[in-house]
Amino acid sequence: MIWEVFRQEKTGGYHTHCGNVHAPDREMAQQYAAIQHGRRKPTNSIWVVPRDEIGEINDDEVAFGGTTDRSYRWATAYNTTGEDASEVVESEDEQADAEKRRGEA
Amino acid sequence: MNVGAVKERAGPREFSPADDLPQEYREAATRMIEFHANSEIMGAYLERPFIRQAPSIDRKLAFSAKVQDEIGHGQLLYRAAESLGVKTREEMLDDLANGDGKFLNCFHYPLKSWVEVPMISFFVDGAAMRRQATLRRTSWEPYAHAMDKVCFEEGFHVKHGEDILKELMTGSQKEQQMTQEAFEEWWPRIIQFFGPTDDDSTHHDFASSVGLKQKSNDDLRNAFLDQYIPKAEKYGLEIPDEPRIRERDDGTYKVEEGDLDWDEFFTIAKNEYEPGVGQINGRKHAQEAVQWVRDTIETDTTAASGHAPQAAD
């Protein structure tokens, strides 16, 4: 049985997928995951999920957002004057970054 | 964990559903996040008619995207609140419909015309974003994660709102005058967005001591004024004489709290302000009108998993 492994580096961070392990049950999966994925890199917590329980939908089946040009949805599309609040600037930077990665995809 | 231990450990994103947390923490966090979620939903309902009334196709596209975002924020936040195990999503939505659910003061007022739109989508959203940015460091991890996504999207809302304000304030004399009038009407409410002064805030001390809340009402209000008074002035809006706002020597601002209508504020807080009651009921009716959609989805899900016989069988 295959278990997908999600590792969280620090308290409060996101659990991100980092690989999978073979194991007969959940307890063994936790043990294997701890050794394979928590031994070398800083780890705060690990989730193991049976692969069969994961539903997947990919871009052959559905048109995901973020690939067509909908510039009206981006903070970067609006030119305003004066200094923006720091959190607005941060949001705009994150959006500019996402927009750039869309161009690369 | 007892409350003492929670206070000791409290830090940004410190607690997750895996932790054994005392009821006091769970209830305080639920109250705060449920209020936030309800506000997203009620704000979206308030703005929704302006998708239709938007003056151009660009505005319509952007505004409809924004309203959709806000509903999504509500969904994210109900999940973050539900994960505390105090109330289910259904209970929170039912409470919102029956008038028990609380939400932001600004969304109890009617939004009558397009010139009022930037009062919400620039000033209120700007105020909300000041607050939300600090909540990325809240101690309830699912709440902080929801704030990551909300803040990512919210920058567009504020910039678009500002763009509408700019367009109106560089438009005809009539438009400028109507916008100024809307600003005068909304300004005190916007200042009250951050709630009563710290001395009168019921829930602040506990929420702050367990790391749920990161900044006090007064600090947030001042941070808002520091940032948004210069913006308003830049677009040619005149700040109303009341409430009196004093500029301190260091360039920051202080509001004369006695100039604000706190009776109205607390009537609103009890969901007893007439226009707000209308908006709660309006959403309830909209919710009931599309009950058939939810029923259809539920029925379809059962049928697809093969347990219920199909009508054609």
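Reply: The model is a predicted one, and the values below are computed from it.

The helix itself, α5 of chain B, covers residues 89-98. Its buried residues are M92(B), D95(B), L96(B) and A97(B). An α-helix has 3.6 residues a turn, so residues three or four places apart point the same way. The cover over the buried residues of α5(B) includes α2, α4 (57-82) and α12 (274-289) of chain B.

One residue of the covering helix α2 deserves a separate look. N38(B) sits in helix α2 of chain B, which spans residues 23-47. N38(B) counts as buried because its relative accessible area is 0%, where the cut-off is under 20%. Beyond its neighbours within four places in sequence, N38(B) contacts Y78(B), M92(B), L96(B), G101(B), K102(B) and F103(B). Two of these, M92(B) and L96(B), are among the buried residues of α5(B). With K102(B) there is also a polar approach: a polar atom of the N38(B) side chain lies 3.1 Å from the backbone oxygen of K102(B).

Next, the nonpolar packing. The largest nonpolar core has 81 residues, and the members that touch the most others are Y25(B), F107(B), F123(B), W140(B), L212(B) and F224(B). L212(B), setting aside residues up to four places away in sequence, touches Y25(B), A28(B), A29(B), M32(B), L135(B), T138(B), S139(B), W140(B) and A207(B). Another core, of seven residues, lies apart from the largest one and includes W3(A), A29(A), A33(A) and V48(A). In soluble globular proteins, nonpolar side chains tend to be buried together.

Last, the interface between the chains. Contact involves 26 residues of chain A and 33 residues of chain B. About 2400 Å² is buried between chain A and chain B, with 52% of that area given by carbon and sulfur atoms. The rule finds seven salt bridges across this interface; in one salt bridge, the side chains of E90(A) and R136(B) meet at 3.4 Å, N to O. There are also 24 residue pairs in polar contact across the interface, both residues at pLDDT 80 or more. On the side of chain A that touches chain B, helix α2 (residues 86-104) of chain A supplies the largest share, nine residues. By type, that side of chain A divides into eight nonpolar, 11 polar and seven charged residues.

Note on methods:
Residues numbered from 1 in each chain as written. Chains lettered and ligands numbered in written order. Predicted model: local features only at pLDDT ≥ 70, side-chain atom pairs only at ≥ 80, totals over all residues. Heavy atoms only, no water. Core = buried A, V, L, I, M, F, W, Y, C linked by side-chain atoms within 4.5 Å. Buried < 20%, exposed > 50% of the residue type's maximum accessible area, 1.4 Å probe, protein only. Contact = heavy atoms within 4.5 Å. Buried area = accessible area lost by both parts, 1.4 Å probe. Salt bridge = Lys/Arg side-chain N within 4 Å of Asp/Glu carboxyl O. Polar contact = N/O pair within 3.5 Å; in protein donor to acceptor, adjacent residues only side chain to side chain. Helix = DSSP H or I, 4+ residues; strand = E, 2+ residues; numbered from the N terminus. Nonpolar A, V, L, I, M, F, W, Y, C, P; charged D, E, K, R; others polar.
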